[in-house]
Amino acid sequence: MQWNALTSAEQLENIKAESKQQPVIIFKHSTSCSISATAKSRLERQWDTIGLDNVKPYYLDLLSYRSVSNQIATLFEVRHESPQLLLIRDGECTSDWSHLGIRLDEVKKALA
């Protein structure tokens, strides 16, 4: 799995545009949370076998870029949670999951 770093609010408009060509996920990760570490590890272990090659993954370090996380909540109209995985399609958040509910099989179902 090759994460794309999300480090600025300016990237969010690009992500919206990209999501019109291919699905995008944003993983909001708290580097100090064991549940977040578990969710991230599970995503990375399962990515190559789940068949989501057409999905572009973004990674946001919540502790370093909290203001970007706040802008994500506003722009995509989702309540902030940590950890959190958002599925962005056609410029909108169509699904989101948090904590141990973050599972790639659920992403795959949402894309079907």
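1. Aromatic cluster. W3, F27 and Y59 are joined into a cluster by ring pairs; rings of Phe, Tyr and Trp (its six-membered ring) pair if their centres lie within 6.5 Å. The model is predicted, with local features needing pLDDT of at least 70 and side-chain atom pairs counting only at pLDDT 80 or more, while totals for chains, interfaces and linings use all residues. Residues are numbered from 1 along each chain as its sequence is written, and side-chain values use heavy atoms, with hydrogens and water left out.

2. The two pairs. Two aromatic pairs turn up in a search of the whole structure. W3 and F27 have ring centres 5.8 Å apart and planes at 25°, so this pair is stacked (planes under 30 degrees apart; over 60 is edge-to-face and the rest tilted).

3. The tilted pair. The rings of W3 and Y59 have centres 5.8 Å apart and planes at 55°, so they are tilted. Y59 lies in strand β3 (residues 56–61), 56 residues from W3. Y59 counts as buried at 18% relative accessibility, as does W3 at 16%.

4. Helix contact. L12, E13 and K16 in α1 meet V68, Q71, I72, L75 and F76 in α3, contact being heavy atoms within 4.5 Å; helices are DSSP runs of H or I, at least four residues.

Conventions: Helix = DSSP H or I, 4+ residues; strand = E, 2+ residues; numbered from the N terminus. Buried < 20%, exposed > 50% of the residue type's maximum accessible area, 1.4 Å probe, protein only.
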